[in-house]
Amino acid sequence: MKVFIYPTNSLILADLVERFGHKPLMINNAIGEKVRNAEIDHPPMNITDEDPKKGLKYAAIEVPSGVRGRMSMIGPLIDEAEAAIIMNKAPMGFGCVGCERTNELTKYLVRRSEVPILNLEYPESEEDAKVIVKKIALFLEDLGDKR
């Protein structure tokens, strides 16, 4: 299954999702496509004429352009998702988009998407981390049963 992860660039969550045989949907992959796409010929922006229009599907014109730009990549991942894992209160080092408005909008759109969602709080101890990994494992195993 395709599992959207939040924070959208968390390599830790991506690794766990992959270990259980699912595909992590993360912004790193969307950005990687833009960087390696030979058709995009205006670095450093690496955008096409269609990207701002894609962002408008997820965020109104009054929303800052940076949010719309991020949502032009994150929104399609949410649309593609068959499940989601959200890690709340994660520190910057765990994976952060860096824009709280984008983060709020992302979590809102995931909740509206009607896919199975595992909501977690960032662990504060090693014992909490073990519990979280177990919860993620059970969630991902259960998704495998629903294929």
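1. Arg19 and Asp15 form a salt bridge in this predicted model, with their closest N and O atoms 2.6 Å apart. Both residues belong to helix H1 (residues 11-19), where they stand four residues apart, or about one turn of the helix. Arg19 is exposed, with a relative accessible area of 63%, whereas Asp15, with 32%, is partly exposed.

2. A salt bridge also joins the side chains of Glu121 and Lys89, at 3.9 Å from N to O, and this pair links distant parts of the chain, since Glu121 sits in strand E4 (residues 117-121) and Lys89 in the loop between E3 and H5, 32 residues apart. Glu121 counts as partly exposed at 42% relative accessibility, while Lys89 is exposed at 71%.

3. The structure holds seven salt bridges, one of which pairs Lys2 with Glu80, their closest N and O atoms being 3.0 Å apart. Lys2 is in strand E1 and Glu80 in helix H4, so the pair ties together parts that are 78 residues apart in sequence.

4. Turning to the packing, the largest nonpolar core has 21 residues, and those with the most contacts inside it include Phe4, Ile78 and Leu109. At least two residues of this core come from each of strand E1 (2-6), helix H2 (27-36), helix H4 (65-80), strand E3 (83-88) and helix H5 (100-112), with H4 giving the most, six residues.

5. Leaving aside residues up to four places away in sequence, Ile78 touches Phe4, Thr106, Leu109, Val110 and Ser113. A second, separate core has 17 residues, among them Ile5, Leu13, Met26 and Ile136.

Conventions: Residues are numbered from 1 along each chain as its sequence is written. This is a predicted model: local features need pLDDT of at least 70, side-chain atom pairs count only at pLDDT 80 or more; totals for chains, interfaces and linings use all residues. Side-chain values use heavy atoms; hydrogens and water are left out. A nonpolar core is a set of buried Ala, Val, Leu, Ile, Met, Phe, Trp, Tyr and Cys residues joined through side-chain atoms within 4.5 Å. Buried means under 20% relative accessible area, exposed over 50%, partly exposed in between (1.4 Å probe, protein chains only). Contact means heavy atoms within 4.5 Å. A salt bridge is a side-chain nitrogen of Lys or Arg within 4 Å of a carboxyl oxygen of Asp or Glu.
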